[in-house]
Amino acid sequence: MNSENFLLCEKTVSPSYVRQGSQARRGHEQLIRQLLEQGKCPEEGWSESTVELFLNELAVMDSNNFLGNCGVGEREGRVASGLVARRHYRLIHGIGRSGDIAAIQPKAAGSSLLNKLTNSIVLDILKLSGVRSVASCFVVPMATGMSLSLCFLTLRHKRPKARYIIWPRIDQKSCFKSMITAGFEPVVVENVLQGDELRTDLEAVERKVEELGAENVLCVHSTTSCFAPRVPDSLEELSAMCAKHNIPHIVNNAYGVQSSKCMHLIQQGARVGRIDAFVQSLDKNFMVPVGGAIIAGFDAAFIEEISKMYPGRASASPSLDVLITLLTMGANGYKKYLSERKEIYSVLAEELKSLASAHGERLLHTPHNPISLAMSLDGLQANSNQAVTQLGSMLFTRQVSGARVIPLGREQTINGYTFRGFMSHSESYPCPYLNAASAIGITREDVTLCIKRLDKSLKALRKEGNAARSTSEDL
């Protein structure tokens, strides 16, 4: 209510009570005013009542919620289900216009404001997380793979003769398919094994540039966040190489925002060389439903080009989800999640190391991977060819999600390309292994239950293996 309505309330309720209510209302409004003035994530999180008040204020600015609105067009924000309308806080028009996802909608001032504020707050969080010199970003209602495709398609207009994308291998289907979908030919560069770690073969990347000709290379497509034993690409060296050859550089930073190491690599890469854009998932970094990503970069004009490449207006749901989440967390709340994730990474590493030792295995030494860990399964492989894959099934049945069991020698064909040793990021990694990750939102209870169930599964498989050997010897 505005001040006039509060005065009218004093005719019905005691003025002192009304003034108290008015002051409480001003407390909410002060938080909203600071957000509109600064465009940054608030230090302390908001209450749900403040968030809902803000969203309702935005919604009444959209034409579909005008009391006297008369819509005679084909897109008037009509929603048949009240449940659907409430799910979206009656913000129905989406974001952008037919020619530009970042454009203001005349019919939807509230939704447009939501879009601008979300992009501004997310930019603040990227800076807070370590990429201090990032210039611009926007939330796009597509997951990481399609968002990477959008970046590649934008580069096509700058480099019309280029047909190749140089890609240090990472065994994840969507980032590979993002290049195929955009109509380019991936040039896969195998990783090099150093100790237990799989690292970027910089010499091989350089050779590919010289072999193909820099003018024929659309970009180098590198990766930060990845499953161990692969570690983040050597971004500083790749960025310097791209700058030297005048080749664009797109970074797949899928779940790297939560890692200070990954964000530092991006910041350093941009400082010493060239990074045109880096892409990260909303769900993996901010604990929201799947369906959105952030495209960010150091040249605001190029990021604007990418946003204009998106055809048509777009769903506001990913922007709404991350806005609600960050307003509720606040910057301090998000930093707390990042700190807890890092602490639990150390706990998970120690627990896996102890468990591996108890079962005659070892924790692979991958100090350059700040999120994912890997434990060898050599002994399990020796028991039975099927035991490794069986372990994965047993863990899934026991409700351990996210753990990946990687056997030796698996082949996978994707869009006509065959990868040997698929999921291990290498044609011939020396041992089978199990992955576990300490990602944002993980708890100590998750680690405790995982280790307990993994221990039971390994003991059961060892018992089966011993029984099978005894039977074989008796025969």
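This is a predicted model: local features need pLDDT of at least 70, side-chain atom pairs count only at pLDDT 80 or more; totals for chains, interfaces and linings use all residues.
Reader: What makes a space a cavity, and how many cavities of 30 Å³ or more does the structure hold?

Author: On a 1 Å grid over the protein atoms alone, a cavity is a set of points where a 1.4 Å probe fits but cannot get out, whereas a pocket is an open set with protein on both sides within 12 Å along at least five of seven lines. The structure holds one cavity of 30 Å³ or more, and the largest cavity has about 30 Å³ of space, a volume being the space filled by probe spheres set on the points, which are joined across faces, edges and corners.

Reader: Which residues line the largest cavity, and how do they divide by class?

Author: Lining residues have an atom within 4 Å of a point, and for the largest cavity they are His88, Leu91, Ala316, Ser317 and Leu320. Three are nonpolar, two polar and none charged, because Ala, Val, Leu, Ile, Met, Phe, Trp, Tyr, Cys and Pro count as nonpolar, Asp, Glu, Lys and Arg as charged, and the others, Gly among them, as polar.

Reader: Why is the largest pocket said to lie between domain 2 and domain 3?

Author: Domain 2 (109-330) and domain 3 (333-474) both give residues to its lining, so the largest pocket lies between them; the domain bounds come from an automatic or database domain assignment. The largest pocket has about 880 Å³ of space and is lined by 37 residues, of which Phe227, Ser401, Gly402, Ala437 and Ala439 lie nearest its centre. Among the elements that give two or more residues to this lining are helix H7 (173-181) and helix H16 (444-474), helices being DSSP runs of H or I with at least four residues, numbered from the N terminus. The largest share, five residues, comes from H16.

Reader: What lines the second largest pocket, and which helix gives the most to that lining?

Author: The second largest pocket, with about 250 Å³ of space, is lined by 14 residues, and Arg199, Pro232, Asp233, Ser234 and His368 lie nearest its centre. H9 gives the most to this lining, with three residues, and by class the lining has five nonpolar, four polar and five charged residues.

Reader: Why is Met61 placed in its accessibility class, and what does Met61 touch?

Author: Met61 has a relative accessible area of 36%, and therefore is partly exposed. Met61 lies in the loop between helix H3 (48-59) and helix H4 (82-87), and, not counting residues up to four places away in sequence, touches Phe66, Ala109 and Gly110, where contact means heavy atoms within 4.5 Å.

Note on methods
Residues are numbered from 1 along each chain as its sequence is written. Side-chain values use heavy atoms; hydrogens and water are left out. Buried means under 20% relative accessible area, exposed over 50%, partly exposed in between (1.4 Å probe, protein chains only).
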